[in-house]
Amino acid sequence: GGMGTVYRAIQASVGRAVALKVLRPDLTKDPDTAARFHREAHATSALVHPNTVTLYDFGQTAEGYLYIAMELLEGRLLGRMLKEDGELPVELAIKVVTQISRSLAEAHRKGIVHRDLKPDNIMLAQVEGQEVVKVLDFGIAKVVRGDRRIDALETQAGTVFGTPRYMSPEQAQSKPLDARSDLYS
């Protein structure tokens, strides 16, 4: 992706295959980008729903590389499926929307608004022989815990973040967002 590279790796301590997302070295020095990377790690680490990608570890190497180790998924991104196959059959569309909604329900209960929900952040993965929908990439998530907002991106008033084609009207206008914005997307 634009911010880094995702590798297939082995978590040596437990011998588990993982997806290792590493921030590009030139971006590690940018405080806003590093904050976004940390926000993704913190937001994702709070989520344990089976329809949300599982985060195993995150941190910074001795050489200064920021990384996130997460569940290695085999499958296809919803965006690719739609491009290659066209519209989904009704039964599959209902299954996909239901599982996305379940993932978002947990995130929203925990005060996390995804803000970039789109087909390229949804994977239909094979998990133990079953097709499971997984919500990915909480990189621009808004995290609200009680009265405390954890959102460095909102300090830049008037700035719009996300993918325009999938934004709620409120998000496109840089207005305050809540869980309803994800549901619109």
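At 1.5 Å a residue, the 20 residues of helix H4 should span 28 Å, and the end C-alpha atoms of H4 are 28 Å apart, which agrees. The expected span is 1.5 Å times one less than the number of residues in the helix. Helices (H or I, at least four residues) and strands (E, at least two) are DSSP runs, numbered from the N terminus. The model is predicted: local features need pLDDT of at least 70, side-chain atom pairs count only at pLDDT 80 or more, and totals for chains, interfaces and linings use all residues. Residues are numbered from 1 along each chain as its sequence is written, and side-chain values use heavy atoms, with hydrogens and water left out.

The buried residues of H4 (under 20% relative accessible area, with exposed over 50% and partly exposed in between; 1.4 Å probe, protein chains only) are Leu 92, Val 96, Gln 99, Ile 100, Ser 103, Leu 104, Glu 106 and Ala 107. These residues lie on the same side of H4, because they cover an arc of only 155° around the axis, taken from the directions from the helix axis to the C-beta atoms. An α-helix has 3.6 residues a turn, so residues three or four places apart point the same way. The face turned away from the buried side of H4 carries the exposed residues Val 90, Glu 91, Ile 94 and Arg 109.

H4 also gives the most to the lining of the second largest pocket, with six residues. A pocket is an open set of points on a 1 Å grid over the protein atoms alone, where a 1.4 Å probe fits, with protein on both sides within 12 Å along at least five of seven lines; lining residues have an atom within 4 Å of a point. The volume of this second pocket is about 310 Å³, a volume being the space filled by probe spheres set on the points. Of its 17 lining residues, Leu 78, Val 96, Val 97, Ile 100 and Ser 185 lie nearest the centre. The lining divides into 13 nonpolar, two polar and two charged residues.

The largest pocket has a volume of about 630 Å³. Its lining has 26 residues, and Val 6, Lys 21, Met 70, Leu 136 and Asp 137 are the closest to its centre. Strand E1 (4-11) supplies the largest share of this lining, five residues. Strand E4 (66-71) supplies at least two residues.

E4 runs antiparallel to strand E3 (residues 55-60), joined by five bridges.

Terms used:
Nonpolar A, V, L, I, M, F, W, Y, C, P; charged D, E, K, R; others polar. Pairing = 2+ DSSP bridges.
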